[in-house]
Amino acid sequence: KDVFVDTNAAKNLVTPMTEHFKQFYLWLYKDGVLVFSNHLRREYFQGNQNLVALIDYLLKNGRLNNIPNNKIADYKFAKHIERDFLSNYKDRVHLKLVALSSRKIAISSDTNFATDISNLPKLDGKKAICVDCPSKINYR
C-alpha cells in the first residue's frame, strides 16, 4: 500500500487541502504507507513543519517504507535510461525511491519527474506511474 509523495505534492497534504488530497490524506492516515528516506525527510521538514505530525504518526504505526541510504546508493539505472532523464539531478534519489518501492506509485506535480517515472522499464513486473493528483490513481 505504499506511495511516494514528492515534496511539491506534499504541500497539498496540509491545510487548505483540495478534496482529492484530503481523501488521500485520510487514507494515508488510516491505512496507507508512505515511501520515505532520510533525504526526503530533510526536504519535507525544510518546506513544511506541518508534515512532522503525519510522519511521526506513520512511523509510530509502522507505516513508513523507509528505504535506507545504502540501498538507494546501490541502486543503479541502466546508462541508456539515465542518459534520457529530464528531471533535476537532485531528484534522481526520488526516482530510485519509486523504483525501490513496492507499488511503484508516485504523486508529483513536476512534469519532468513524471516523465522520467513513466519512461522507466517495468520493475519487479510493475510499471511505475506518476500522477499530479491522487484521484488519478487507485491508491487504496
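Phe-77 is buried in this predicted model, its relative accessible area being 11%, where buried denotes under 20% relative accessible area, exposed over 50%, and partly exposed the range in between (1.4 Å probe, protein chains only). Phe-85 is likewise buried, at 9%, and the two residues, Phe-77 and Phe-85, form an edge-to-face aromatic pair with 5.1 Å from centre to centre and 90° between the planes. Rings of Phe, Tyr and Trp (for the last, the six-membered ring) are taken to pair if their centres lie within 6.5 Å, with planes under 30 degrees apart counted as stacked, over 60 as edge-to-face and the rest as tilted. Because the model is predicted, local features need pLDDT of at least 70 and side-chain atom pairs count only at pLDDT 80 or more, whereas totals for chains, interfaces and linings use all residues. Residues are numbered from 1 along each chain as its sequence is written, and side-chain values use heavy atoms, with hydrogens and water left out.

Helix H6 (79-83) and helix H7 (92-100) are the elements that give two or more residues to the lining, and H7 gives the most, with 3 residues. Helices (H or I, at least four residues) and strands (E, at least two) are DSSP runs numbered from the N terminus.

By the ring criterion, the count of aromatic pairs comes to 9. In one of these, the ring centres of Phe-4 and Phe-113 are 5.9 Å apart and their planes stand at 35°, so the pair is tilted. The two residues are 109 apart in the chain, Phe-4 lying in strand S1 (residues 2-5) and Phe-113 in helix H8 (residues 111-118), and the pair thus links distant parts of the chain. Both Phe-4 and Phe-113 are buried. Elsewhere, ring pairs link Phe-24, Trp-27 and Tyr-139 into a cluster.

Strand S1 is covered on both faces, with Asp-2 and Phe-4 buried on one side and Val-3 and Val-5 buried on the other. S1 runs parallel to strand S2 (residues 33-36), to which 2 bridges join it, and Val-3 stands opposite Leu-34 in S2. S1 also pairs in the parallel sense with strand S4 (residues 105-107), over 2 bridges, and Ala-106 is the bridge partner of Phe-4 in S4. Pairing of two strands requires at least two bridges between them in DSSP.

Among the loop residues, Ser-37 is placed between S2 and helix H3 (38-47) and is buried, with a relative accessible area of 0%. When residues up to four places away in sequence are not counted, Ser-37 touches Asn-66, Ile-67, Ile-72 and Leu-97, contact meaning heavy atoms within 4.5 Å. Lys-104, in the loop between H7 and S4, has a positive phi near 60° and is buried at a relative accessible area of 1%. Asp-124, in the loop between H8 and strand S5 (129-131), also has a positive phi, of about 55°, but counts as exposed at 69% relative accessibility.
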